[in-house]
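Please walk through this structure with me in the viewer, one selection at a time. At each stop there is something to select and a short account of what is there.

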Amino acid sequence: MIGITIMIGVIIPPVAICVFVVKNITGVPFNVIYRGVLPFLLSLIACALLLFLFPQIATFLPNLLMGS
């Protein structure tokens with residue numbers, strides 16, 4: 001859950017460090033970058049909502065491997 005929220009945080013303002021890096025390297029305007037990032041951002045938000053509503057998704061595999 002922490003990893004997904006951090007990934008969302010580096011995409012959306014006010015931090016948006018990934019967007020600033022892409023803009024400085026490529027020189028592409030912010031609106032073009034956000035148009036390309038939007039599908040990924042929406043999928044990250046959907047994953048975060050699923051993990052928040054059903055935390056068993058994140059703990060299924062570790063529980064399976066530990067035998068509990």
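This is a predicted model: local features need pLDDT of at least 70, side-chain atom pairs count only at pLDDT 80 or more; totals for chains, interfaces and linings use all residues.

Next, display H1 and H3 together with their axes. Two packed helices are described by the angle between their axes and the distance between the axes. For H1 and H3, the axes come within 10 Å and cross at roughly 150 degrees; because angles over 145 degrees count as roughly antiparallel, H1 is roughly antiparallel to H3. The handedness of this crossing, in which H1 passes H3, is left-handed.

Keep H3 on display and bring in helix H2, which covers residues 17-26. Here the axes are 10 Å apart and the packing angle is about 125 degrees, which makes H2 oblique to H3. In contrast to the left-handed crossing of H1 and H3, the crossing of H2 and H3 is right-handed.

Now move to the loop between H1 and H2, where Pro 14 is placed. Select Pro 13 along with Pro 14 and look at the peptide bond that joins them, which is cis, with omega near 10 degrees. Is Ala 16 buried or exposed? With a relative accessibility of 3%, Ala 16 counts as buried, because the cut-off for that class is under 20%.

For the last stop, switch to a surface view and select Met 1, Leu 50, Phe 52, Leu 53, Phe 54 and Ile 57, which together make a nonpolar surface patch of about 650 Å². Which helix gives the largest share of the patch? That share, three residues, comes from helix H3, which spans residues 30-53. Met 1, by comparison, is found in the segment before helix H1, a helix that covers residues 2-9. The relative accessible area of Met 1 is 45%, so this residue is partly exposed.

Note on methods. Residues are numbered from 1 along each chain as its sequence is written. Side-chain values use heavy atoms; hydrogens and water are left out. Patches are made of residues with over 30% relative accessible area and no salt bridge: like charges are joined within 9 Å, nonpolar side chains (Val, Leu, Ile, Met, Phe, Trp, Tyr) within 5 Å. Accessible areas come from the Shrake-Rupley method with a 1.4 Å probe; for residues, only the protein chains shown count as cover. A salt bridge is a side-chain nitrogen of Lys or Arg within 4 Å of a carboxyl oxygen of Asp or Glu. Helices (H or I, at least four residues) and strands (E, at least two) are DSSP runs, numbered from the N terminus. Buried means under 20% relative accessible area, exposed over 50%, partly exposed in between (1.4 Å probe, protein chains only). Axes are lines fitted to C-alpha atoms, for helices over the stretch in contact, and angles run from 0 to 180 degrees between N-to-C directions. Angles under 35 degrees count as roughly parallel, over 145 as roughly antiparallel, 65 to 115 as roughly perpendicular and the rest as oblique. A crossing is left-handed if the near helix is turned anticlockwise from the far one by less than a right angle, and right-handed if clockwise.
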